[in-house]
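Here are some notes for a colleague opening this entry for the first time. Please read them with the model on screen.

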Amino acid sequence: MKACISLYSYWNAVREKKIDHFQAIDEIKKLGMNAMELQIFDVSVPKGKTMAEYVKELNDYARSVGLDVPMLTVKSNLYCPDPEAELSRLCVMADAAAVCGIPLMRFDITYSFMGNETSKSPKKIIEYVAPYIRRLADYAAERGVKVCSENHGRIMQDSYRMEELFYQVDHENYGLLCDIGNFGGADENCAEAVSRLLPHICFVHAKDYFKRSGMMYDPGKGYGRTRGGDFRRSTILGHGDVPVYQILSAIKKSGYDGYVSIEFEGIEDTMMAVEIGAENLKRMLADIERQ
C-alpha cells in the first residue's frame, strides 16, 4: 500500500490564511510523500475561476513537483429535491478528473433528511440515490474515471448501510472509500466495520479519533457526539483510539494495494499534526509490508 495525504488535511491552515493550497502541496512534498488526494471547497476557489479550472491548476502544480494525484474528492448531496442538477454537476467534475488524468472521484451521498419524508429511513435514501449513482458511474466510466462514495455524513456512515448501497448500485465502476475512523461516529467498532467492506474498497482514508464514554462530563472544545451519545474528537493519526495498524493490516491482507490517504481534521496545529501522522503512516505501512 502507498501513503498519501489529502489536501483537505491543511484546510484549517488555509482557512486561517496561514498558507495557500499551493504551499500545502509543497508541504506534502516536503514530507516525502509521492501522492496527494485533491480536495477543496467552493469557498476556496479564486474569483473568476470555476471549480474545474482550479482543480486543474492544483493538479498540474502537484504533478509538477512530483506528486501523483490518485483521487479527486468532491462535495455533493444526491438526496435532495433536484438530484438531476446535482448529477449534472458531478458529471462536470468527472470531466475535470478525466482532463487531469485523475483515475478516481469520490462524491458525498447526503448529510441529512430533506424534512418532508413521511418515513425517515436510510433504506429509502439508498433507493432514491442508487439510480443517480449508477448513471454517474456510467458517465464516468466512458471517461476512464471510477467513482466512489464514503462512509460519512451520519446517515450513511454505518458499514451495513454502505454495503447495502454498494449492492443497490451494482455497477463495476462504483466502489467504496473506506474511512477507517468514521465508523465510530455511528458507534460501530471500526475494525469490525472495515472487515465487512473489504471486498468493495477502492480507496482508504487513514483517520484517528479519541473516544470517551457519554457517561463522562463533556470534555469540551473539539469533541462532538456520536449518534449514540459518546464523545469523540479527531486527532493525529496514531495518537487516538482507532486500531489503525490492525485495520490497515487487514486491508492489506484482503488484497488491497492502493493508496492510504491521511485526512486530518483535529484541533492540533495543522503542520505538526500532518507531519506526525505522515511519519506514523509510513512506519505502519513499512511494517505491514514486512509481515
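1. Tyrosine 79 is buried in this predicted model. Its relative accessible area is 5%, and the cut-off for buried is under 20%. Tyrosine 128 has a relative accessibility of 28% and counts as partly exposed.

2. A search of the whole structure gives nine aromatic pairs. In one of them, the ring centres of tyrosine 79 and tyrosine 128 are 5.0 Å apart and the planes stand at 80°, so the pair is edge-to-face. Tyrosine 79 belongs to the loop between strand E3 (71–74) and helix H4 (83–100), while tyrosine 128 belongs to helix H5 (residues 122–141), so the contact ties together parts that are 49 residues apart in sequence.

3. Phenylalanine 166 and tyrosine 167 also make an edge-to-face pair, with 5.7 Å from centre to centre and 70° between the planes. Phenylalanine 166 is buried at 17% relative accessibility, whereas tyrosine 167 is partly exposed, with a relative accessible area of 46%. Both residues belong to one aromatic cluster, together with Phe107 and Tyr174.

4. The charged end of lysine 2 sits over the ring of tyrosine 259, at 4.5 Å from the ring centre. Arginine 143 lies over the face of tyrosine 139, and here the distance to the ring centre is 3.5 Å.

5. Is glutamate 192 buried or exposed? Its relative accessibility is 55%, so glutamate 192 counts as exposed, the cut-off being over 50%. This residue is part of helix H7 (residues 190–197). From C-alpha to C-alpha, glutamate 192 is 9.0 Å from serine 159, and the two are 33 residues apart in sequence.

6. Turn next to the open space. The largest pocket has a volume of about 510 Å³. Its lining has 27 residues, and those closest to the centre are Tyr8, His152, Lys207, Tyr209 and Glu265. By type, the lining divides into five nonpolar, eleven polar and eleven charged residues.

7. Which strand gives the most to the lining of the largest pocket? Strand E10 does, with three residues. Strand E9 (224–225) and strand E10 (231–235) each supply at least two residues of this lining.

8. Rolling a probe the size of a water molecule over the atoms shows where empty space is left. The structure holds two cavities of 30 Å³ or more. The largest cavity has a volume of about 50 Å³. Leu7, Tyr8, Tyr10, Trp11, Val14, His21, Gln39, Ile40, Phe41 and Ser44 line the largest cavity, and this lining has seven nonpolar, three polar and no charged residues.

9. The second largest cavity holds about 40 Å³ of space. Its lining is made up of Ala206, Lys207, Asp208, Thr235, Ile236, Leu237, Ile262, Glu263, Phe264, Ala273 and Gly277. These residues divide into six nonpolar, two polar and three charged.

10. Two residues named above can be followed from one space to another. Tyr8 is listed among the residues closest to the centre of the largest pocket, and Tyr8 also lines the largest cavity. Lys207 is likewise among the residues closest to the pocket centre, and Lys207 also lines the second largest cavity.

Definitions and conventions
Residues numbered from 1 in each chain as written. Predicted model: local features only at pLDDT ≥ 70, side-chain atom pairs only at ≥ 80, totals over all residues. Heavy atoms only, no water. 1 Å grid on protein atoms, 1.4 Å probe; cavity = no way out; pocket = protein on both sides within 12 Å on 5 of 7 lines; lining within 4 Å. Points joined across faces, edges and corners; volume = space filled by probe spheres on them. Helix = DSSP H or I, 4+ residues; strand = E, 2+ residues; numbered from the N terminus. Nonpolar A, V, L, I, M, F, W, Y, C, P; charged D, E, K, R; others polar. Phe/Tyr/Trp six-rings, centres within 6.5 Å; stacked < 30°, edge-to-face > 60°. Buried < 20%, exposed > 50% of the residue type's maximum accessible area, 1.4 Å probe, protein only. Lys NZ or Arg CZ within 6 Å of the ring centre and 35° of its normal.
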